[in-house]
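Please have the model in view while reading.

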Amino acid sequence: MEPLERYRPIVDDFEAFRAACERPLPSAVRVNTIKATAERVRRALDEADIASDPVDWHDGLFVLPEDSPGSNWPYFHGWIHGQEEVSAVPATVLDPKPGDRVWDACAAPGSKTTQLAALMDDHGEVVATDNNLGRISALRTNTERLGATSIAVTHEDARNHSLKPFGGANYDRALVDVPCSCEGTIRKNPDAFEDWTLSHVEGIAGVQKGVLKRAVEATAPGGTVVYSTCTFAPEENEAVLDFALDETACELVDYDLPLDHRPGVTEWDGEAFDPSVQKAKRIYPHHNDTGGFFCAKLEVTGE
């Protein structure tokens, strides 16, 4: 089966969804508030004759309809960072505060990591974990260019993350933006489905469950964990949440999202999920002219 066809039963206006997936994705940048303000970036782009359109739901995002995010001087100065519009959702939902201790469980190449640091005014601690040395190199480069000094990088499998190097204390918040089948990136990566297999979807779901489980365990009671993917597959989304609700001390909580979205699905392929997975948000390309995304917010109960 063609991968997108799987989702006909759960996507409204399926033909519009398919058509949107076939259109190129506009480039977008996030303002790095460690170094600049949105107004300063807007003036800099104007001075460089770079067309930019503000994003209505987030005052720190601009779409560049005619330009590449990394081909201008504000980028080289670390004032902006190329980041897809929906990629900014999970860190915004996590909403870390200055002084927090935050774990970014699957951090490289660092778009969301540096966004977390900026939201914290670069005060506190962001532990950024990844198991891929090549991607960690990109994470370090981006961290340095954007001037984020509150980030500590660890090279390990997030499923076995150790708290010992950081005093053993649990985190206030954790971001779990896991590796996935990347179906929602089809507008940016037209070859995303070339090697797609259902077995890969099912296999990587096992990794996702392990990372989310460890994130809940490593976050203090009352703390927040945000789980996100850039895929449409319920096996990687609602099924992973259902596992976490069964196996860890957490509960899903609702949150506001000023983007058009749909709730999480409670049934898929003969399997029923915990009804609270409806509190997760599904973002489809035809609703906001973005990539596809999934995001859920959990509270650690400790019981």
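**A buried glutamine and its helix**

Gln208 has a relative accessibility of 1%, and because buried means under 20%, this residue counts as buried. The model is a predicted one.

Gln208 belongs to helix α7, which covers residues 198-218. Its side chain has a polar contact, at 2.9 Å, with the side chain of Glu236. Leaving aside residues up to four places away in sequence, Gln208 touches Val178, Pro179, Cys180, Tyr227, Glu236 and Val240.

Two packed helices are described by the angle between their axes and the distance between the axes. For α7 and helix α8 (residues 238-247), the angle is about 40° and the axes are 9 Å apart. This angle makes α7 oblique to α8, and the crossing is right-handed. On the α7 side the contact is made by Ala205, Gln208, Lys209, Leu212 and Lys213, and on the α8 side by Ala239, Val240, Leu241, Phe243 and Ala244. By type, the residues of this contact are 7 nonpolar, 1 polar and 2 charged.

An α-helix has 3.6 residues a turn, so residues three or four places apart point the same way.

How many of the residues of α8 are buried? Of its 10 residues, 7 are buried, so α8 is largely enclosed by the rest of the structure. The buried residues of α8 are Glu238, Ala239, Val240, Leu241, Asp242, Ala244 and Leu245. Their cover includes α7 together with the strands β9 (219-229), β10 (250-253), β14 (281-283) and β15 (293-300).

Terms used:
Residues numbered from 1 in each chain as written. Predicted model: local features only at pLDDT ≥ 70, side-chain atom pairs only at ≥ 80, totals over all residues. Heavy atoms only, no water. Helix = DSSP H or I, 4+ residues; strand = E, 2+ residues; numbered from the N terminus. Buried < 20%, exposed > 50% of the residue type's maximum accessible area, 1.4 Å probe, protein only. Polar contact = N/O pair within 3.5 Å; in protein donor to acceptor, adjacent residues only side chain to side chain. Contact = heavy atoms within 4.5 Å. Axes fitted to C-alpha atoms, helices over the stretch in contact; angles between N-to-C directions. Parallel < 35°, antiparallel > 145°, perpendicular 65-115°, else oblique. Left-handed = near helix turned anticlockwise from the far one by under 90°. Nonpolar A, V, L, I, M, F, W, Y, C, P; charged D, E, K, R; others polar.
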